[in-house]
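Subject: Structure handover and notes

Dear colleague,

I am passing on the structure below, together with notes on what was found in it. Please read the notes with the structure open.

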Amino acid sequence: MSAQPRSEVSSPRSAAQAPEARLLTEAVTRLRRALRSSIRTDYPWETLPMAQVELLQVLGEHSPARISDLAARRRLAPSTVSGLIGQMITAGLVARDVDSADRRASVVTLTDAGREKLAAWTTAHERRIDAALAALDDDARAAITDALPALFQLAEHLGEPADGATER
């Protein structure tokens with residue numbers, strides 16, 4: 001697969017409006033797809049769906065948490081998160097407990113198995129990305145490193161409502 005974006009993937013509006021947005025979208029999509037594919041090839045045991053990984057990551061940083069808090073942090077519907085949590089409880093990755101602050105509510109926490117799975121997932125992905133970065137020349141690695149703060153800022157802005165989103 002070529003390192004350059006495919007020129008045939010364009011819409012009449014995207015080329016005129018923001019080619020860098022289109023290219024960044026394609027780059028992010030390709031990175032996620034390549035990482036997911038390489039992990040499944042290099043680590044066939046890794047079958048955890050990305051939505052569950054993201055919930056494990058949130059719980060790794062903010063645990064215990066209510067379903068509504070998890071849903072808000074991941075920008076998902078509470079019913080979606082509830083279904084994912086149910087699957088994760090069955091898999092032994094998380095546990096549901098009574099919220100000590102409000103005995104009518106429940107909270108979710110990582111189990112030891114969930115922490116181990118998250119650590120293994122993180123290690124596998126970091127190892128794979130490290131190997132891919134090592135294959136790049138110094139200038140390319142430096143460009144990626146230099147772009148990281150801007151990419152984090154971009155992610156924060158993407159979490160904000162778009163201009164005019166509430167007017168439609």
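Predicted model: local features only at pLDDT ≥ 70, side-chain atom pairs only at ≥ 80, totals over all residues.

Residues are numbered from 1 along each chain as its sequence is written, and side-chain values use heavy atoms, with hydrogens and water left out. Helices (H or I, at least four residues) and strands (E, at least two) are DSSP runs, numbered from the N terminus.

The axes of α4 and α5, as lines fitted to C-alpha atoms over the stretch in contact, with angles from 0 to 180 degrees between N-to-C directions, come within 9 Å and cross at roughly 110°. That makes α4 roughly perpendicular to α5, a term that covers angles of 65 to 115 degrees. Ile67, Leu70 and Ala71 of α4 make the contact (heavy atoms within 4.5 Å) with Pro78, Val81, Ser82 and Ile85 of α5. These residues divide into 6 nonpolar, 1 polar and no charged, where Ala, Val, Leu, Ile, Met, Phe, Trp, Tyr, Cys and Pro count as nonpolar, Asp, Glu, Lys and Arg as charged, and the others, Gly among them, as polar.

For α3 and α6 (residues 112-134), the axes come within 10 Å and also cross at roughly 110°, and the two helices are therefore roughly perpendicular to each other. Here Met50, Val53, Leu56, Gln57 and Gly60 in α3 meet Gly114, Leu118 and Trp121 in α6, a contact that divides into 5 nonpolar, 3 polar and no charged residues.

Leaving aside neighbours within four places in sequence, Ile85 is in contact with Leu55, Ile67, Leu70, Val94, Arg96 and Val108.

Finally, the backbone: the peptide bond from Ser63 to Pro64 is cis, with omega near 0°, and Pro64 lies in the loop between α3 (50-61) and α4 (67-74). Arg75, although not a glycine, has a positive phi of about 55°, and its place is in the loop between α4 and α5 (78-90).

Best regards

Note on methods:
Parallel < 35°, antiparallel > 145°, perpendicular 65-115°, else oblique.
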